[in-house]
Amino acid sequence: MVLLSFDIEEFDMPFEYQGKISFEDQISISQIGLERILNILKKHNAKASFFSTVVFAENSKSLVQRLLNEGHELASHTWFHSEFEVQHLKESRERLQELFSTKVTGLRMPRMMAVDKKEVEKAGYSYNSSVNPTFLPGRYNNLKVSRTYFKEETVTQIPASVSPNFRIPLFWLSFHNFPLSFYKKLALDTLKKDHYLNIYFHPWEFAEIKNPEFKLPGFTVKNTGNEMVERFDNFVGWLKSKNYKFGTFQEFQKQIES
């Protein structure tokens, strides 16, 4: 099974690089990207999971409702993208359920931030996908974490996919910066080894973000906008041609626990 997921959030990444962006643009850029993502998924009849901050969801109700109507899953990305308190775990899950009358069972922390597993369980989640089991200087050092899903108490941990050899991460940055043929090879190797693929992206990658005011480094904006739309459309079509099934995290959890 292929687990496509998207962290739908206010686009605040420019602040990490001392750039400038208004709140309105943070929301509208992600909205543009989300609409493009949904169009690609609809074209290929592929299901996905969307981890949303409450801030983005409250400002994008029609788009979030559209993704639910089209059979995708809504999960929590906490309340804010750049501010976190433990109570946001439970509050965000409950607020998303209240807004859209859907069952929210999954969590992904912003920027794959570490989170207390007991607090995740107390907040009512059945799965957590907040770990990238690789080494990335200045960001992650999770080489001792399992590459594949595992259980901690009542919560299923579903790490992001990394290659079987050398734990090369298959997250959004590698999708942008590796040659697509090489990325496909890594994805195929992972599917053959693990029998599933868990990869994540963001809606702003599908929008135009090469704005000098954002001060984003080249490796973050490479192959974004229309290039990302074409690249991702190609990738999903390639996976479909190989008869891989696309599913939500909720579907995957049911499958591995049945």
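## Charges over aromatic rings

In this predicted model, the charged end of R231 sits over the ring of F175, 5.7 Å from its centre. A charge counts as sitting over a ring if NZ of Lys or CZ of Arg is within 6 Å of the ring centre and within 35 degrees of the ring normal. A further case is R108, which lies over the face of F51 at 4.2 Å from the ring centre.

The model is predicted, so local features need pLDDT of at least 70 and side-chain atom pairs count only at pLDDT 80 or more, while totals for chains, interfaces and linings use all residues. Residues are numbered from 1 along each chain as its sequence is written, and side-chain values use heavy atoms, with hydrogens and water left out.

## Aromatic pairs and cluster

Over the whole structure, a search finds 23 aromatic pairs. Rings of Phe, Tyr and Trp (its six-membered ring) pair if their centres lie within 6.5 Å; planes under 30 degrees apart count as stacked, over 60 as edge-to-face and the rest as tilted. The Y183 and F235 pair is edge-to-face because its planes stand at 75 degrees, with the ring centres 5.5 Å apart. Y183 belongs to helix α7 (residues 180–194) and F235 to helix α9 (residues 226–241), so this pair ties together parts 52 residues apart in sequence. Helices (H or I, at least four residues) and strands (E, at least two) are DSSP runs, numbered from the N terminus. Y183 and F235 are both buried, where buried means under 20% relative accessible area, exposed over 50% and partly exposed in between (1.4 Å probe, protein chains only).

F201 and F232 also form an edge-to-face pair, at 5.3 Å centre to centre and with 70 degrees between the planes. Since F201 lies in strand β10 (residues 197–201) and F232 in helix α9, the pair ties together parts that are 31 residues apart in sequence. Both F201 and F232 are buried. One aromatic cluster is formed by F6, F50, F175, Y183, F201, F206, F232, F235 and W238.

Strand β1 (residues 2–8) runs parallel to β2, and four bridges join them; two strands pair if DSSP finds at least two bridges between them. S5 has S49 in β2 as its bridge partner. Strand β2 (residues 49–52) also pairs with β3 in the parallel sense, over four bridges, and here S52 is partnered by S76 in β3.

Within β2, S49 and F51 point one way and F50 and S52 the other, all of them buried. Strand β3 (residues 73–76) is likewise covered on both faces: E73 and A75 on one side and L74 and S76 on the other are all buried.

## Helix α4

Helix α4 (residues 87–100) has 14 residues, which should span 20 Å at 1.5 Å a residue, and its end C-alpha atoms are 20 Å apart, in agreement. The expected span is 1.5 Å times one less than the number of residues. Buried in α4 are H88, L89, S92, R93, L96 and F100. These residues cover an arc of only 130 degrees around the axis, which puts them on the same side of α4; the arc is that of the directions from the helix axis to the C-beta atoms.

The elements covering the buried residues of α4 include β2, α2 (54–58), α3 (61–69), β3, β4 (106–107) and α5 (117–122). After α4 comes S101, with a positive phi near 50 degrees.

## S174 in helix α6

S174 lies in helix α6 (residues 172–177) and is buried, with a relative accessible area of 4%. Leaving aside neighbours within four places in sequence, S174 is in contact with P169 and Y183, contact meaning heavy atoms within 4.5 Å.
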